[in-house]
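Biologist: Hello! Could you walk me through this structure, one question at a time?

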Amino acid sequence: MSGAALGLEIVFVFFLALFLLHRYGDFKKQHRLVIIATLLAWYLCFLIVFILPLDVSTTIYNRCKLAVNSSPAESNGSYVTLAPSKQKCFKPWSYIPNGIMPIFWRVVYWTSQFLTWILLPFMQSYARSGGFSITGKIKTALIENAIYYGTYLLIFGAFLIYVAVNPNFNLQWSQLQTIGIAAANTWGLFLLVLLLGYGLVEIPRSHWNGAKRGYLLMKTYFKAAKLMTEKADAEENLEDIMEEVRKVSESIKYNHPLRKCVDTILKKCPTEYQERMGRNMDDYEDFDERQNSYPSEKSLVKLHKQVIYSVQRHRRTQVQWQILLEQAFYLEDVAKNESSATRQFVHTFHSQEPENKIIQYFYTPTVEWYWECLLRPWFYRVLAVVLATFSVIVVWSECTFFSTKPVLSLFAVFIQLAEKTYNYIYIEMACFLTIFFLSICVYSTVFRIRVFNYYYLASHHQTDAYSLLFSGMLFCRLTPPLCLNFLGLTHMDATISHKNTQPTAYTSIMGSMRVLSFIADGFYIYYPMLVVILCIATYFSLGTRCLNLLGFQQFMGDSEMTSDLIDEGKELIRREKRKRQRQEEGENRRREWKERYGNRDDSTRNRAVHTDQKESSFSETNTNRPLSKYTRSNGRNERDRIELLQDAEPLDFNADSINDDPFESDSGRYQPGGRYLSMSRSKIFDDV
């Protein structure tokens, strides 16, 4: 089994990262380099989290072998051999041979650092660039990253000057490497504590609130009101951008040198707008004959960038609106079925996607009712209590992990008890659960946070390239300090435990932080204590209240604005529900019509075709014969069509607009019915 566990985890983590990237990214539409770079960043970060427990168990076994083979003498510190009967070491099932882990950590760590500090920032600027050539995009990316790279070089230079001026240190390459690692870990630890303090409170609270059906439904109504405002804003913005594209397309004809750039912009536009603009491009004229002011290439680059952003935002809001509608309809169905006497879950609307037959066989309406109405609320409550217990242990350990005599960190106590009995399975499970919970608290915040419309991870393949690359950067910067913090909590880091023992392979790659004593003895130990203040602020929703006071509407139960937005969202959901019911009723009537009159209509159509052919051949010889008997066969068909028109669904004149398609309106612009209460600044930190 030597090395088998390492190989299995490498394969498993790859498919895990691939699955998550497929959920948020779009493999068909996004550039392959963006997908590969993001996948590599996510994969390396997840790999560090999963492999680190194996490194801990292997290090404990190596310490045991070292203790068996040698022991320090009391006189001069030399080593003498112990009898094998005094102590015996058992090799763990996941033991990794010596020499593999240092090479593995060195490759993984420096690859992730190259991605987060050099490659991914450059690719971000390249992806958002509106250039029409590779050279133009590279030039734009270099200019945008000049300030970015200069800032970090300035920080690194400050650390370098500090070490060079200090007479106690001899500046060597290994120390320069340690300074760079310390600078990167300091920045990552600063951000790590902020995200961890939010996740330790919000994750248990979100699961506890998940058991409250009324709470989830009210929050869904609130999201619907805000999303409708964003959706209307995205449609209006797209219309404005498309109007500019239309003017540019009409001014720059086919024989203009910049026409290729215009064609590139048109390919990024939605199909409806492409067809509309193509109707007015039939004329050919020489651009030299008319003294018109044509847009420059720089303005076309800016327009190209705006088109990419507006189309992506419009597509994302449309998909999110449909997903939110399904969620609202399902929560309303759960509320209705809770009082069902038959104990069978009844859906208002059938699922639009075909269900799996195996799931449909086992997940019957009765099973669904018991799970949704009885078991699921209690399961979420129990899970919330377990997660809250883990959060309390983490907060306590973060405040006491620097104490070695006595050992106050609970994670260190658990690991040291298992180390005495060499129970490697327990050691690996305890380490994995600890670092996995810390990773969930940090990574979930990265997935949920939103910074205006520049960074937003949207599921169902709606995340843009910029946000995917930015998430990869955050993961690569947060994972190394997260692992060092975990090793400090378990006292596996010699800097924290103050023991002259064999370090883990991961800490040996990081180097000795004693080069910068004020960071090793100060910042790394006392800064994580701030997680207590952040947890208290998150528990009382201080950040949410501050954003609400600044005008960014957040979901708060005691706010009048929240109540108004809930009522507005409830009305929007009711309107969409009524619209979908009318559509289903119309489809049912058409299906019944086809089943009842389909064969008769086909036979009538065949007779009419045969009659027309016979009429055309007969009219050549006798044009004066009346044609009434040839038209009499269509009488029954006409009566059937009249009946169908009489059964047509009535129009809902109370709706905002009869035509819901913004592309089919006369003015070509979507007009929302009224001003929403959430039209103010409401697009920052929707969930944070």
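Biologist: How do the residues of the lining of the second largest pocket divide into nonpolar, polar and charged?

Modeller: Keep in mind that this is a predicted model. The second largest pocket holds about 1,100 Å³ of space, and 29 residues line it. That lining splits into eleven nonpolar, eight polar and ten charged residues.

Biologist: Which element gives the most to the lining of the second largest pocket?

Modeller: Five elements are listed as giving two or more residues each to this lining: α2, α3, α7, α9 and α14. With eight residues, the one that gives the most is α9.

Biologist: Let's move to another spot. Is S391 buried or exposed?

Modeller: First, find S391 in helix α11, which runs over residues 365–400. Its relative accessible area is 6%, and the cut-off for buried is under 20%. Because 6% falls under that cut-off, S391 is buried.

Biologist: Which residues is S391 in contact with, leaving aside its neighbours within four places in sequence?

Modeller: Here we skip the neighbours within four places in sequence. The contacts of S391 are then L200, P204 and F437.

Biologist: How far apart are the end C-alpha atoms of residues 425–446?

Modeller: An unreviewed UniProt entry lists residues 425–446 under "transmembrane region", along with other spans including 177–201 and 378–396. In the model, residues 177–201 are 100% helix, with end C-alpha atoms 36 Å apart. Residues 425–446 are also 100% helix and 0% strand, and their end C-alpha atoms are separated by 31 Å.

Conventions. Residues are numbered from 1 along each chain as its sequence is written. This is a predicted model: local features need pLDDT of at least 70, side-chain atom pairs count only at pLDDT 80 or more; totals for chains, interfaces and linings use all residues. Side-chain values use heavy atoms; hydrogens and water are left out. Helices (H or I, at least four residues) and strands (E, at least two) are DSSP runs, numbered from the N terminus. Buried means under 20% relative accessible area, exposed over 50%, partly exposed in between (1.4 Å probe, protein chains only). Contact means heavy atoms within 4.5 Å. On a 1 Å grid over the protein atoms alone, a cavity is a set of points where a 1.4 Å probe fits but cannot get out, and a pocket is an open set with protein on both sides within 12 Å along at least five of seven lines; lining residues have an atom within 4 Å of a point. Grid points are joined across faces, edges and corners, and a volume is the space filled by probe spheres set on the points. Ala, Val, Leu, Ile, Met, Phe, Trp, Tyr, Cys and Pro count as nonpolar, Asp, Glu, Lys and Arg as charged, and the others, Gly among them, as polar. UniProt positions are given in the numbering used here, feature names are shortened, and annotations may be inferred rather than shown by experiment.
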